[in-house]
Amino acid sequence: MSEVKVWYMTEEERLAYIEKHPIVPSEEKPNKSGAAFSDIFAYGERKKKMKGGEGAED
């Protein structure tokens, strides 16, 4: 692994950075089914349906 480099900035530099690169909230709407991982345990079942059922080969 590479060495971790710590970078320090003064409060004035931090405020200037935030002014130049503001955090803008996203206007995206959530997906229709809710959270992306709302039912993570059903992933295998969805995968089977996409491949054509339980007897489908990988």
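Select R14. R14 is partly exposed, at 35% relative accessible area; that class lies between buried (under 20%) and exposed (over 50%), using a 1.4 Å probe and protein chains only. This is a predicted model, where local features need pLDDT of at least 70, side-chain atom pairs count only at pLDDT 80 or more, and totals for chains, interfaces and linings use all residues. Residues are numbered from 1 along each chain as its sequence is written, and side-chain values use heavy atoms, without hydrogens and water.

The term needs a side-chain nitrogen of Lys or Arg within 4 Å of a carboxyl oxygen of Asp or Glu. The structure holds 1 salt bridge.

Now show helix α1, residues 11-20. R14 and E11 both sit there, 3 residues apart, about one turn of the helix. Helices are DSSP runs of H or I, at least four residues; strands are runs of E, at least two; numbering starts at the N terminus.

Stay in helix α1 and pick I18. I18 is partly exposed, at 41% relative accessibility. With I18 they form a nonpolar surface patch of about 560 Å² accessible area together.

Zoom out. The protein has 2 helices and 0 strands. Of its 58 residues, 2% count as buried.

Key
Patches are made of residues with over 30% relative accessible area and no salt bridge: like charges are joined within 9 Å, nonpolar side chains (Val, Leu, Ile, Met, Phe, Trp, Tyr) within 5 Å. Accessible areas come from the Shrake-Rupley method with a 1.4 Å probe; for residues, only the protein chains shown count as cover.
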